[in-house]
Amino acid sequence: MKNKGNRLQTIKEVISTVRVGGQEELLKILQDRGFELTQATLSRDLKQLQIVKIATAEGGYTYVLPERAGVQTIQRKHHGAFGGMSTGFISIEFSGQLAVIKTRPGYAGGLAYDIDNHLHKETLGTIAGDDTILLVLREGVSREEITEALKTFIPNIK
């Protein structure tokens with residue numbers, strides 16, 4: 001059985017060299033290369049690697065590494081702040097304890113992943129599509145508090 005490190009490296013190699021349009025296709029490639037994994041494990045691996053799905057000129061989709069999509073991976077600095085990144089952020093609107101964040105196509109998943117992994121005190125979770133994130137705020141968290149917390153990831157948010 002191959003280990004997780006080998007699997008992650010193989011995923012990066014495959015994404016870099018082969019046009020892969022979906023998880024099922026990538027799962028089959030990995031299984032053909034001797035990896036035993038489920039779709040759920042692959043989904044977690046893609047999130048961990050911050051691999052994004054972008055639209056192709058032909059009208060389909062393909063996976064790309066974050067640096068090829070214009071997204072820099074997030075790196076924690078010693079004082080806990082995050083380095084700059086291109087978030088693809090367009091807008092945010094609130095309704096009660098919900099927020100809808102609009103992004104450029106292909107950016108919502110990566111941004112939602114970052115929010116889910118770093119804003120535990122302010123949010124219950126996110127649901128992301130290709131260019132939209134539904135963000136559920138915890139009871140008692142104000143719009144101003146969530147906007148301030150999001151500035152960690154989205155410097156141009158207002």
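Ala, Val, Leu, Ile, Met, Phe, Trp, Tyr, Cys and Pro count here as nonpolar, Asp, Glu, Lys and Arg as charged, and the others, Gly among them, as polar. By that scheme, the lining of the largest pocket holds 8 nonpolar, 8 polar and 4 charged residues. The model is predicted: local features need pLDDT of at least 70, side-chain atom pairs count only at pLDDT 80 or more, and totals for chains, interfaces and linings use all residues. Residues are numbered from 1 along each chain as its sequence is written, and side-chain values use heavy atoms, without hydrogens and water.

Start with the pocket (on a 1 Å grid over the protein atoms alone, an open set of points where a 1.4 Å probe fits, with protein on both sides within 12 Å along at least five of seven lines; lining residues have an atom within 4 Å of a point). The largest pocket has a volume of about 510 Å³. Its lining counts 20 residues, and Lys-47, Ile-51, Gly-109, Gly-110 and Gly-129 lie nearest its centre. Helix H3 (39-48), strand E1 (52-55), helix H4 (108-118) and strand E5 (123-128) each give two or more residues. H4 supplies the largest share, 5 residues. Domain 1 (4-67) and domain 2 (89-151) both contribute to the lining, so the largest pocket lies between them.

Now the helix packing. H1 (residues 4-17) and H2 (residues 23-32) pack at about 120 degrees, with axes 11 Å apart. The axes of H1 and H3 come within 11 Å and cross at roughly 70 degrees. H1 and H3 are therefore roughly perpendicular.

How values were computed:
Points joined across faces, edges and corners; volume = space filled by probe spheres on them. Helix = DSSP H or I, 4+ residues; strand = E, 2+ residues; numbered from the N terminus. Domains from an automatic or database assignment. Axes fitted to C-alpha atoms, helices over the stretch in contact; angles between N-to-C directions. Parallel < 35°, antiparallel > 145°, perpendicular 65-115°, else oblique.
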